[in-house]
Structure formats: structure tokens, C-alpha cells
Amino acid sequence: MNRNDVTEKIITVKVSKGITWESVAKKVGHSKEWVTAGCLGQMTFDDKAAKIIGKIFGLNAEEQKWLQVVPYKGSLPTPVPTDPLIYRWYEIVSVYGTTIKELIHEEFGDGIMSAIDFSMDIVRTPDPKGDRVNVVLSGKFLPYKTY
């Protein structure tokens, strides 16, 4: 057994029982974005959250322990994503990455946006021309230090 086996079991149970990530997140007490990332093997749960997720998805004690192991982050199977939705994010970074970088540096200076001290919010925004996907990424600015 490994973490990928646990992820596959979670997805299987989610589909078979019609569970939503939002309902799981409410029971765990964290955002749907972070809990979903954790259930998909990209975050580490503490013991309390692992037990809640274990109950929801019918995980045994060993499977719950795998939820508490620090994962190897980065879950895409290919360097350039082939899934159309994920590819659009790759395209956004390819087209707008230099713009995002330039504007962050202009506003904050030389540094990076943290993906550790980070939050994300994904919401549906109604629009007469077709509903919009509204994604807000918020990461702490970390300046490069001089030494």
C-alpha cells in the first residue's frame, strides 16, 4: 500500500457515494481547496483530520496514516499537461507568466509569491454570457535576502 492507493480509494468512494469536496471540507474544518488537495495526495493531514477523512471514505487505520505522510508534491503525469483544463493553466502561465512576474516585482521588489504560505478560493460567478470561474490565489511575498 502507498499514498497513491489511498488517493485512488478516496476518489472511488467519492464517486460511488456522490460525496462533494465541499461537504468533506466542512466536516474537516478547512477550505475545500486545501482539503481537496490533501485528499488528492498533495497535502499532509494531521491525525484529527485524517480520522475525519477516514470515517467519510471508509479508510482503515493504516490508510489514515498514509494521509499524514508528507507527500511528494507535484501530481501531473507529464511535463506539459494533457488534460484540457489543466493545460489552460499551463497556457495561462506560458502567456501571462512574465507579466505576472513583472507586475509582482514592480509592486513588491525582487522575490517570490509563496506556495507554502498560500490560500486559494475557487467560486462560480454568474454571468449573462456564461458563468465565470473565479480563482483567487493569495501567497505571502518572500523577498530574496542579501547575505
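1. Start with the annotated residues. In an unreviewed entry, UniProt lists Arg-88, Glu-91 and Ser-114 under "active site". Of these residues, Ser-114 is included in the lining of the largest pocket. Keep in mind throughout that the model is a predicted one.

2. Where do Arg-88 and Glu-91 sit? Arg-88 has its place in helix H6, which covers residues 84–108. Glu-91 lies in helix H6 too. Arg-88 has a relative accessible area of 44%, so Arg-88 is partly exposed. Glu-91 is partly exposed because its relative accessible area is 33%. Buried would require a value under 20%, and exposed a value over 50%.

3. Next, the overall plan. The protein has six helices and two strands. Along the sequence the pattern reads α-α-α-α-α-α-β-β. The C-alpha atoms fill a box of roughly 50 × 50 × 30 Å, taken along the principal axes. Of the 147 residues in the protein, 23% are buried.

4. Over residues 75–147, 34% of the chain is helix and 37% is strand. The end C-alpha atoms of this stretch are 34 Å apart.

5. Now the largest pocket. Its volume is about 2,500 Å³. It is lined by 48 residues. Which of them are closest to its centre? They are Trp-89, Phe-118, Met-120, Ile-122 and Leu-137. Several elements give two or more residues to the lining: helix H1 (3–17), helix H3 (32–39), H6, S1 and S2.

6. What is the lining made of, by class? It has 29 nonpolar residues, 12 polar residues and seven charged residues.

7. The two strands deserve a look together. S1 and S2 pair in the antiparallel sense, over 11 bridges. Ser-119 stands opposite Ser-138 in S2. Thr-125 stands opposite Arg-132 in S2.

8. Val-123 and Val-133 are 10 residues apart in sequence, with their C-alpha atoms 6.3 Å apart in space. Ser-138 and Met-120 are 18 residues apart in sequence, with their C-alpha atoms 6.2 Å apart in space.

9. Are Val-123 and Ser-138 buried or exposed, or in between? Val-123 has its place in strand S1. Its relative accessibility is 34%, so Val-123 counts as partly exposed. Ser-138 has its place in strand S2. Ser-138 is partly exposed because its relative accessible area is 39%.

10. Then the turn of the hairpin. The hairpin of S1 and S2 has six residues between the strands. Gly-130 takes a positive phi there, near 130°. Asp-127 lies in the loop between strand S1 (111–125) and strand S2 (132–143).

11. What does the side chain of Asp-127 reach? The side chain of Asp-127 reaches the backbone nitrogen of Lys-129, at 2.8 Å. That counts as a polar contact because the cut-off for a pair of N or O atoms is within 3.5 Å. Asp-127 has a relative accessibility of 28%, so Asp-127 counts as partly exposed.

12. Glu-33 is found in helix H3. Its relative accessible area is 11%, so Glu-33 is buried. A polar atom of the Glu-33 side chain lies 2.8 Å from the backbone nitrogen of Ile-122. Ile-122 is also one of the lining residues closest to the centre of the largest pocket. Helix H3 is among the elements that give two or more residues to that lining.

Note on methods: Residues are numbered from 1 along each chain as its sequence is written. This is a predicted model: local features need pLDDT of at least 70, side-chain atom pairs count only at pLDDT 80 or more; totals for chains, interfaces and linings use all residues. Side-chain values use heavy atoms; hydrogens and water are left out. Helices (H or I, at least four residues) and strands (E, at least two) are DSSP runs, numbered from the N terminus. Buried means under 20% relative accessible area, exposed over 50%, partly exposed in between (1.4 Å probe, protein chains only). A polar contact is a pair of N or O atoms within 3.5 Å; within protein, one must be able to donate a hydrogen and the other to accept it, and residues adjacent in sequence count only if both atoms are side-chain atoms. UniProt positions are given in the numbering used here, feature names are shortened, and annotations may be inferred rather than shown by experiment. On a 1 Å grid over the protein atoms alone, a cavity is a set of points where a 1.4 Å probe fits but cannot get out, and a pocket is an open set with protein on both sides within 12 Å along at least five of seven lines; lining residues have an atom within 4 Å of a point. Grid points are joined across faces, edges and corners, and a volume is the space filled by probe spheres set on the points. Ala, Val, Leu, Ile, Met, Phe, Trp, Tyr, Cys and Pro count as nonpolar, Asp, Glu, Lys and Arg as charged, and the others, Gly among them, as polar. Two strands pair if DSSP finds at least two bridges between them.
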